[in-house]
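Please keep the sequence and the model in view while reading.

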Protein chains: 2
Amino acid sequence: MGLKGNAVIGQSGGPTCVINASLVGAIQAAWDLDEIEHFYGAVHGLDGILNEQLIDLFREDPDLIEEMRFTPSAGLGTSRLKPKEPDLERTLEVFKAHDVRYFFYTGGDDSQLACHLFSELAKSSDWEIEVVGIPKTIDNNLVVTDNCPGFGSAARLAASAVQYLARDAEAFGNLEVVEIMGRHEGWLTGATAVGRADEGEAPHLVYLPEVEVNPDQFLDDVKRVYAEKGTCVIAVSEGFAFAESEVATTSDKVDEFGHARLGGVASALADMVEEEVGVRARFDRLGNLHRCFMGLASQVDLDEAYAVGKSAVERAVAAETDIMVTITRNSDEPFEWEVDSTSLMSVAGESKPVPLEWISEEQNDITEEFVTYCKPLIQGREAPADTGLPSFPRFHKHFVEPKLEKYVRPQ
Amino acid sequence: MGLKGNAVIGQSGGPTCVINASLVGAIQAAWDLDEIEHFYGAVHGLDGILNEQLIDLFREDPDLIEEMRFTPSAGLGTSRLKPKEPDLERTLEVFKAHDVRYFFYTGGDDSQLACHLFSELAKSSDWEIEVVGIPKTIDNNLVVTDNCPGFGSAARLAASAVQYLARDAEAFGNLEVVEIMGRHEGWLTGATAVGRADEGEAPHLVYLPEVEVNPDQFLDDVKRVYAEKGTCVIAVSEGFAFAESEVATTSDKVDEFGHARLGGVASALADMVEEEVGVRARFDRLGNLHRCFMGLASQVDLDEAYAVGKSAVERAVAAETDIMVTITRNSDEPFEWEVDSTSLMSVAGESKPVPLEWISEEQNDITEEFVTYCKPLIQGREAPADTGLPSFPRFHKHFVEPKLEKYVRPQ
């Protein structure tokens, strides 16, 4: 028998097609447990906790919860807040006030770090609470876990869109640059190459941020492909960089984590190749579509996301704490996997780039190992055809009565 | 009994998800006709005709042709060439050399004009030939026809993507600007509003290029929506313009028709609203995805495109000429339509904007009449679930022996 009390779950960072599947996995696992009396959803993640914006998830309609499983974006709202010491202390205060004994937080490496720091604080304050991180990133950059829920669906969108765009570019004999999300890790960009039905198909050149690209080699590659194919489709990460320069185009704006906002690489490269190759070049930027294009969600991704949410609750009531749930791969084909866990310490603030040996020697493609790894993650849903337009539910949001003074965040 | 001889079909302008469905409709209709001995496909449209790049479509595998029906982009390759007098004369020369008595050309208003001019030339040169235009644009801007094959699928992509992006923006409480294709006509941008499952849903503001927007009113609208919803999703045409200015952002590059290349409006507007409203604003640009996102193709669009291709051949062998095939709507719901025709003169070089009475009084939305018009066109396919990644065939391209000297285009 685990701790008895209430639970809080929050969603953090960029949403995905499947972060709500994790939420629903957790809610449905908690439904009949004696240990968890109230299951609170934090509205806009950590912001909601600090401001006591908690909703009672057990009061939501079970049918709506089931629909939420297939709803993109973060149903509770999300947050990019990076907590400072006073924020963690306030979190503990809020949790004490609401008798919270279970804390689940879905996010990337920054969020797992926040979880770990909170867990340490709770221990040192003698507040008994089980803290379990639920993995989520479209970037697939968490360590230890085989892959991150959120990646498969984003990768499927990217791989599919590149196939579509390639045919459009080919019809004109144009060059095409497609910009794929990924600041430091090229998992999503590499996944576009997994969409090739045959050797020699688009994308013809694939550039990951793990390698710096020699500009002369780059132009030679584009010219060679164009001479051979009469078109050339180039997939680049938004973090693409030429060897002698900084990131090709970096906005002067920074996000709340202090990261520079990227974007604009494809446009800059298209201008460059058009001028140097002398053939019309277009660009497309899949942007925020990576995170939310439910129409192309991956079935494995949905399944994994649900399973990690469910397992987080089961592990917490079995007194596992200060852990993140992980996926372990047992076999590539048929794809077999199971849910496992690792310490928050082992993943907090760490990131996993594409291994350099999975990038081709010429540094303009991925290897067969990457394909073998990625392919099972990006298969589509076997859902019946939906001929309508997308429509998604929202939580009714039964708010819990706040018990503390309003929080003023220290500057 | 119609003319006996060979036929040429070409694809022109921007491809769509369904332009190949028109091609397949034409091939399959021509298959068993005594009138058409050889059915030639012009590789890259008019360019292919001028250079005698013709392939024998009856030698293509029938199964491949059936697959081509569901392949986006222009299977023959496309062209943006705007013919001058010598090009039309060369076309006639090529057609005489290959005994071409039927000419089918799939494209927008510029292409229909080219068809008409060619038809006039052939008449005045006493070369008997039936010339039939097949409508195609994602912009839906051809006159006379109820709608243009290509529009429904592009509209379905735009309407769906806006629903996805809206949920992502809402999870952050961000502002979001989505840039939709459409230089002078707002059919695609308006279609995004048809994606609202309920009143008050995104897109909250919709700006068509048919109206000039007052910048103060625009900012007031954004602030009002944000105050009410905690987010604001704005759909704008790439041809968006503020009242006192030129098009917000125009590239200095021009395409082969002499039109300025657009793009960048959403980025500029996002910067502006972020600064003026004081809330983070992102932008997305659906770009070339409008033309090729087969995963969200519209069933009605596929059906219409096939039907106009088939009808073009049937009408030509019945001695109709100098016409474009059209769609006539008989009923909105249930949606009933039939294939009809109009003179090329009536559509050549003309374009159909969204009627001003279908734009809301505040000029930031469309009316119910627009919804009624658009809704039946953007329903999805009842195809079985496809769990793989997109993969499409290509023609084998059995080239016809050229009979003329190489063509050197006069400057």
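Which residues in helix 5 of chain B are buried? They are B:Asp109, B:Asp110, B:Ser111, B:Gln112, B:Leu113, B:Ala114, B:Cys115, B:His116, B:Phe118, B:Ser119 and B:Ala122, where buried denotes 20 or more other C-beta atoms within 10 Å of the residue's own, exposed 12 or fewer, and partly exposed the range in between, with C-beta atoms placed from the backbone. The model is predicted, so local features need pLDDT of at least 70 and side-chain atom pairs count only at pLDDT 80 or more, whereas totals for chains, interfaces and linings use all residues. Residues are numbered from 1 along each chain as its sequence is written, and chains are lettered from A and ligands numbered from 1 in the order in which they are written.

Helix 5 of chain B comprises 16 residues, 109-124, and spans 23 Å from its first C-alpha to its last, close to the expected 22 Å; that expectation is 1.5 Å times one less than the number of residues. Helices (H or I, at least four residues) and strands (E, at least two) are DSSP runs, numbered from the N terminus. The buried residues of this helix pack against several elements of chain B, including helix 4 (85-97), strand 4 (100-107) and strand 5 (130-135). Just after the helix, B:Asp126 adopts a positive phi of about 60°.

In chain A, helix 5 contains A:Cys115. This cysteine counts as buried because it has 28 C-beta neighbours inside 10 Å. Beyond its neighbours within four places in sequence, A:Cys115 is in contact with A:Tyr105, A:Val131, A:Gly133 and A:Leu344, a contact being two C-beta atoms, placed from the backbone, within 7 Å. A:Val131 is 16 residues away from A:Cys115 along the chain, and their C-alpha atoms are separated by 6.9 Å.

B:Asn140, in the loop between strand 5 and helix 6 (151-172), has a positive phi of about 60° although it is not a glycine. It is buried, because 30 C-beta neighbours lie inside 10 Å. A cis peptide bond joins B:Ala202 and B:Pro203, with omega about -5°, and another joins B:Glu333 and B:Pro334, with omega about 0°.

An automatic or database domain assignment divides chain A into domain 1 (5-149 + 296-350) and domain 2 (154-293).

The contact between the chains takes 47 residues from chain A and 47 residues from chain B. On the side of chain A, the largest share, 11 residues, comes from helix 6. Because 100% of the interface residues of chain A are also interface residues in chain B, the copies meet through the same surface.

Finally, the predictor's confidence in each residue is given by pLDDT, from 0 to 100. Its mean over chain A is 94, and 95% of the residues reach 70 or more. Over residues 246-261 of chain A, however, pLDDT stays under 50. The model scores ipTM 0.95 and pTM 0.95.
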